[in-house]
Amino acid sequence: MLRTYTATEARMQQYLENVRDLVRQFQTWKVMQISRDENVEADALANITSAADVASNENASVIHLFHSMLDPDKNEVNFNNLTWNWRNEIVAFLQYGIVPEDKKKAHTLRKKTARYCLKQGNLYRKMFGGPLARCLGPSQTEYVMREIHEGHCGNHIGGRSLVRTMIRAGYYWAKMEETDNFVAKCDKC
């Protein structure tokens with residue numbers, strides 16, 4: 001923008017041209033560098049795109065582009081969130097009303113989301129006869145299971161007891177029944 005550096009890559013040249021066309025619409029403009037500490041979202045996006053190949057598993061890093069900056073009618077790039085997991089579809093429906101194209105899937109999603117609510121940006125599941133349970137993502141489940149399984153006294157409870165204890169502690173995730181695998185891997189058990 002300030003003509004201090006030259007854009008050599010073709011796609012970067014397109015972006016630069018597009019931005020220069022947009023800038024001509026303003027009477028005055030100013031380019032300021034914002035440190036990474038002050039721009040957490042842009043820093044996270046930059047780190048993910050430079051470091052991660054997007055895989056097709058459910059724990060893959062995902063950047064959802066609603067449209068490209070190079071589209072002539074559009075001039076913004078948005079993102080949903082930086083990690084894909086089982087909660088995304090529910091949050092997208094509760095927060096933005098986004099439903100799948102397929103009518104059966106949309107109906108199923110509406111029924112499923114009746115058991116969930118959003119509070120201060122966190123997803124909670126409504127538990128029958130109990131408090132709301134905070135829905136955990138893949139990166140949080142391992143830590144919670146380890147903390148509850150080992151316990152303060154190191155009692156190393158079994159799979160079913162572990163699930164009940166986690167629900168009583170106020171946690172939930174879609175595949176809680178798979179705690180037997182976690183318990184089976186415990187050396188002390």
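Author: Buried means a relative accessible area under 20%, exposed means over 50%, and partly exposed lies in between, computed with a 1.4 Å probe on protein chains only. The model is predicted, so local features need pLDDT of at least 70 and side-chain atom pairs count only at pLDDT 80 or more, while totals for chains, interfaces and linings use all residues. Residues are numbered from 1 along each chain as its sequence is written, and side-chain values use heavy atoms, with hydrogens and water left out.

Reader: Which pattern does the protein follow when read along the sequence?

Author: Helices (H or I, at least four residues) and strands (E, at least two) are taken as DSSP runs, numbered from the N terminus. On that basis the protein has 7 helices and 4 strands. Read along the sequence, these elements give the pattern α-α-α-α-β-β-β-α-α-β-α.

Reader: In helix α3, which residues are buried?

Author: Helix α3 spans residues 88–96, and it is followed by G97, whose phi is positive, near 75 degrees. Contact here means heavy atoms within 4.5 Å, and the cover over the buried residues of α3 includes α4 (103–113), β1 (116–119) and β2 (122–125). The buried residues in α3 are N88, I90 and A92.

Reader: How many residues are in the largest nonpolar core?

Author: A nonpolar core is a set of buried Ala, Val, Leu, Ile, Met, Phe, Trp, Tyr and Cys residues joined through side-chain atoms within 4.5 Å. The elements that give two or more residues to this core are β3 (133–135), α5, α6 and α7. L162 and M166 have the most contacts inside the core, and beyond four places in sequence L162 touches M145, I148, H149, I157, T179, F182 and V183. The largest nonpolar core has 19 residues.

Reader: At what angle do α5 and helix α6 pack?

Author: Axes are lines fitted to C-alpha atoms, for helices over the stretch in contact, and angles between N-to-C directions run from 0 to 180 degrees. V144, M145, I148 and H149 in α5 meet L162, T165, M166 and A169 in α6. The axes of α5 and α6 lie 10 Å apart, and the helices pack at an angle of about 110 degrees.

Reader: Is H149 buried or exposed?

Author: H149 lies in helix α5, residues 138–150. Leaving aside neighbours within four places in sequence, H149 is in contact with N155, H156, I157, L162, F182, V183, C186 and C189. With a relative accessible area of 1%, H149 is buried.

Reader: With which residue does D21 form a salt bridge?

Author: A salt bridge is a side-chain nitrogen of Lys or Arg within 4 Å of a carboxyl oxygen of Asp or Glu, and by this rule the count comes to 1. D21 is partly exposed at 38% relative accessibility, whereas R24 is exposed, with a relative accessible area of 60%. The closest N and O atoms are 2.3 Å apart, and the partner of D21 is R24.
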